Amino acid sequence: MKELSKIERVYNTIFYWMREEYKTIATSYAITLVLLGGIFVYGLLYNYMYLPNEVKKVPVAVVDNSKTSMSRDFIQMLDATPQVSVFTDAVDFAQAKRLMKEKKVVGILLIPDRFEKKIEQGEQTFTLMYETTIAFLYYLAMQKAFAFTMQTFNDQIRPEQLVFLPTRDTPVMAQAQSPVSVVGTPLYNYTEGYGTYLIPAVLVVIIFQTLMMVIAMISGKERCSGSILKYADAGRSFGGIAQIILSKTFVYGALYALFSLFLLGLMPLVFGLPHIGNAMAIIQLMIPFILATSFLGLAASVFYTDPDGPLLMIAFFSVGLLFLSGVSYPLELMPWYWRAAHFIFPVAPATLAFVKVNSMGAGIPEITTEYTTLWIQCVIYFFLACQAYRYNIKKQLLLIPGRIS
């Protein structure tokens, strides 16, 4: 019975600190704004920005210096692609640039004056495509349309080039088919859209960043205001400090279980993102990810001296975190020090694992490396978080005149 009473006291202590943490979050407008704005507005805004996933009928201007039947055929093929619409082909280059500055077109195709003549003589020719950098989707659409048009046009004129071959090779080439037939079948991104590829990874980064921000704001406020001294009595032993860390983590875990359901469960269904993974595998992945992120944020509290300073530092790590995850750039091609950094931040293995599970249909056995890494991070960052809070409490006690810790 004595042991049971001790367990009950531990439970009561954890529940008490959990209530205090909930009160801190609920009574802080700044923290509430980060949670609601970061999770709901940020998540919806990112998805809305890439909602088309791919653009069609991008207006382009064609500068046809050749003005031949062959160049007109090329322009018609380009206009027939679903990605591009020829706005005009009756302008010179200066007029085309003016149209681009006025945003009436987002690309310029330049066909040289000796386009047809070079082709008829069996010489190599070229065309130039100028593209705006207003949006990456415009660039992608024009590249796809131009590459397809060039390939189709090349296939049509290839038989006419037989006249430039030696006589003995002509019958063989005439009967031969193309040695390579390329057929692309996207397995996990059937629309080949940029949003379909990017957003699932970004959603995990949003969870990591907002959770780190919330912990930074709470920890920074505790140190700045001195309210961290409420943990002074409990923070003198490892067991007591562990109860504080666990109570805070339970609160963050409960909140972000709901937020993860919104971002990773609802958003893919609403915006048509890849969502072929097993729900149980995703839940199994998110448990160590949220725990490791919470412990990392609490361990980093030694650097939080105010509630506002860390926000800017955390907010601008999006691109770097995506890079470290191995989604936007292959992990195998990174230098050793970047690969090492991949195993430091929980968001990196979690993002890679989530894309494998959610977008590619992998199971837990296929993400063993990432899954094991997250659990190892949980253990390491838990002990670091305990030491960090013990240090913060002792340092705050030293600031009280006449009190020796």
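# Chatting through the fold

Visitor: Where is Gln377 found?
Guide: Gln377 is in helix α15, residues 368–398. Helices here are DSSP runs of H or I with at least four residues, strands are E runs of at least two, and both are numbered from the N terminus.

Visitor: What kind of model is this, and how are residues numbered?
Guide: It's a predicted model, where local features need pLDDT of at least 70, side-chain atom pairs count only at pLDDT 80 or more, and totals for chains, interfaces and linings use all residues. Residues are numbered from 1 along each chain as its sequence is written, and side-chain values use heavy atoms, with hydrogens and water left out.

Visitor: Back to Gln377: buried or exposed?
Guide: Gln377 counts as buried, because its relative accessibility is 4%. Buried means under 20% relative accessible area, exposed means over 50%, and partly exposed is in between (1.4 Å probe, protein chains only).

Visitor: And what does Gln377 touch?
Guide: Leaving out residues up to four places away in sequence, Gln377 touches Ala292, Phe343, Ile344, Phe345, Pro346, Pro349 and Phe382. Contact means heavy atoms within 4.5 Å.

Visitor: OK, what about Ile241, where does that lie?
Guide: Ile241 lies in helix α9, residues 238–271. Ile241 counts as buried because its relative accessible area is 0%. The C-alpha atoms of Ile241 and Cys386 are 5.9 Å apart, although 145 residues separate the two along the chain.

Visitor: Switching to the sheet, what's the strand order?
Guide: The order is β2-β1-β3-β4, in an open sheet of four strands with mixed pairing. The edge strands are β2 and β4 (128–131), each pairing on one side only. Two strands pair if DSSP finds at least two bridges between them.

Visitor: Which residues partner Ala61?
Guide: The bridge partner of Ala61 is Thr88 in β2, and in β3 the partner is Ile108.

Visitor: How many β1 residues are buried?
Guide: Six of the seven residues in β1 are buried.

Visitor: Now helices. Where does α2 bend?
Guide: Helix α2 (residues 29–49) bends by about 35° at Gly37. That bend is the angle between axes fitted to the seven residues ending there and the seven starting there. Buried residues in α2 include Ile31, Val34 and Leu35.

Visitor: At what angle do α12 and α14 pack?
Guide: Helix α12 (residues 318–325) and helix α14 (residues 347–360) pack at about 65°, with axes 8 Å apart. Axes are lines fitted to C-alpha atoms, for helices over the stretch in contact, and angles run from 0 to 180 degrees between N-to-C directions.

Visitor: Which residues meet there?
Guide: Leu321, Leu324 and Ser325 in α12 meet Val347, Ala348, Thr351 and Leu352 in α14.

Visitor: And for the chain, how many helices and strands?
Guide: The chain has 15 helices and four strands. Of its 405 residues, 47% count as buried.
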